[in-house]
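Subject: Structure for you to look at

Dear colleague,

Here is the structure I said I would pass on. My notes on it follow below.

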Amino acid sequence: PITQHRRYRIVRNSLDDFKEIKKLLDTTLNDVVLTVTSDALGRWLRSRYFPTDDLKLRALVPVSTRPKKRRGQDTHAGNDLLAMRGYLPVSEMDTLKRLSYIKNSMDGLKSSNQAVAADALTAVQNFAPPTVLAQASRLNFSTRIFNLLVTNVPGPQLPLYLLDRQMIDAFPIPFLAENHRVAVAVMSYNGRLNFGILGDYDAVPDIQVIADGLSDARDDLLGATARQRVEIIGTD
């Protein structure tokens with residue numbers, strides 16, 4: 001059982017970096033987010049000398065099921081969130097193979113007509129990410145069917161202001177499901193894509209290892225993407 005105390009870390013990223021990976025490798029931002037998260041978790045587990053050979057973690061990924069005709073309306077999602085489960089291949093050491101696995105495993109979700117972009121929940125005029133996370137926390141699911149919550153909430157890509165003061169950054173705070181020691185949330189805003197990692201205070205004293213792993217995983221994927229671009233140019 002988890003305690004009532006928490007540890008929290010953030011990781012700042014450029015949205016353009018993730019878009020570059022998405023474009024060149026013909027995938028989605030959500031796939032890139034899950035790939036980076038999977039890599040970071042693998043690094044963290046191995047830092048604890050936990051064997052990750054052939055290990056796949058199951059992530060719970062809340063997605064929007066809001067019909068197109070209701071996009072940009074109220075942010076009270078109600079039953080417009082669906083809990084999807086995808087595998088994170090933490091044992092895979094090759095970053096491109098890891099991305100390919102996640103892309104293939106999520107194709108069923110992407111090809112279904114049920115899941116649509118979550119930006120239906122975060123229109124600029126009623127930007128309310130806490131509402132999205134609150135709705136996700138009330139989804140009816142068994143905590144036994146997944147190892148980790150990973151939420152990805154798109155926000156407005158222009159600056160927001162309060163009393164003529166610009167909001168510089170937005171950082172998401174996920175929730176911990178019962179008996180789950182770590183959760184990851186991602187939020188984009190005005191050219192940034194920021195991670196928030198929440199952990200049980202007693203169970204995850206090394207939460208910074210996860211945060212550092214996210215940065216390292218992003219850099220590794222960017223490097224692999226750059227090499228892929230060079231190969232494409234060379235072929236042309």
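Phenylalanine 18 and phenylalanine 195 are both buried. Please keep in mind that this is a predicted model. The count of aromatic pairs comes to one. That pair is formed by phenylalanine 18 and phenylalanine 195, whose ring centres are 6.2 Å apart with the planes at 45°, so the pair is tilted.

Eight of the nine residues of β8 are buried, so the strand is largely enclosed by the rest of the structure. β8 pairs with two strands described here. With strand β1 (residues 6-11), the pairing is antiparallel over six bridges, and isoleucine 10 stands opposite glycine 196 of β8. With β7, the pairing is also antiparallel, over eight bridges. β7 and β8 form a hairpin that has two residues between the strands, and asparagine 190 in the turn has a positive phi of about 50°.

Glycine 196 is also the bridge partner of alanine 185, a residue of β7. Is alanine 185 buried or exposed? Its relative accessible area is 0%, so alanine 185 counts as buried. Setting aside neighbours within four places in sequence, alanine 185 is in contact with Thr151, Pro172, Pro174, Asn194, Phe195 and Gly196. Of these contacts, proline 174 is eleven residues from alanine 185 in sequence, and the C-alpha atoms of the two are 5.3 Å apart.

β7 (residues 182-189) is also joined to β4, in parallel, by five bridges. Leucine 149 has alanine 183 of β7 as its bridge partner. In β4 (residues 148-153), six of the six residues are buried, so this strand is largely enclosed by the rest of the structure. In a regular strand, side chains alternate between the two faces of the sheet. Both faces of β4 are covered: Leu148, Val150 and Asn152 are buried on one side, and Leu149, Thr151 and Val153 are buried on the other.

Finally, the nonpolar cores. The largest one has 37 residues, and Leu88, Phe195 and Ile197 have the most contacts inside it. At least two residues of this core come from each of α1, α2 (29-47), β2 (57-64), α3 (95-111), β4, β7, β8 and α5 (207-235). The most is given by α2, with eight residues. Apart from this core lies another, of eight residues, including Leu60, Leu149, Leu176 and Leu198.

Which residues does leucine 88 touch, leaving aside its neighbours within four places in sequence? Leucine 88 is in contact with Leu34, Ser38, Leu41, Leu55, Lys56, Leu57, Ala59, Ile102 and Leu148.

Regards

How values were computed: Residues numbered from 1 in each chain as written. Predicted model: local features only at pLDDT ≥ 70, side-chain atom pairs only at ≥ 80, totals over all residues. Heavy atoms only, no water. Buried < 20%, exposed > 50% of the residue type's maximum accessible area, 1.4 Å probe, protein only. Helix = DSSP H or I, 4+ residues; strand = E, 2+ residues; numbered from the N terminus. Pairing = 2+ DSSP bridges. Phe/Tyr/Trp six-rings, centres within 6.5 Å; stacked < 30°, edge-to-face > 60°. Contact = heavy atoms within 4.5 Å. Core = buried A, V, L, I, M, F, W, Y, C linked by side-chain atoms within 4.5 Å.
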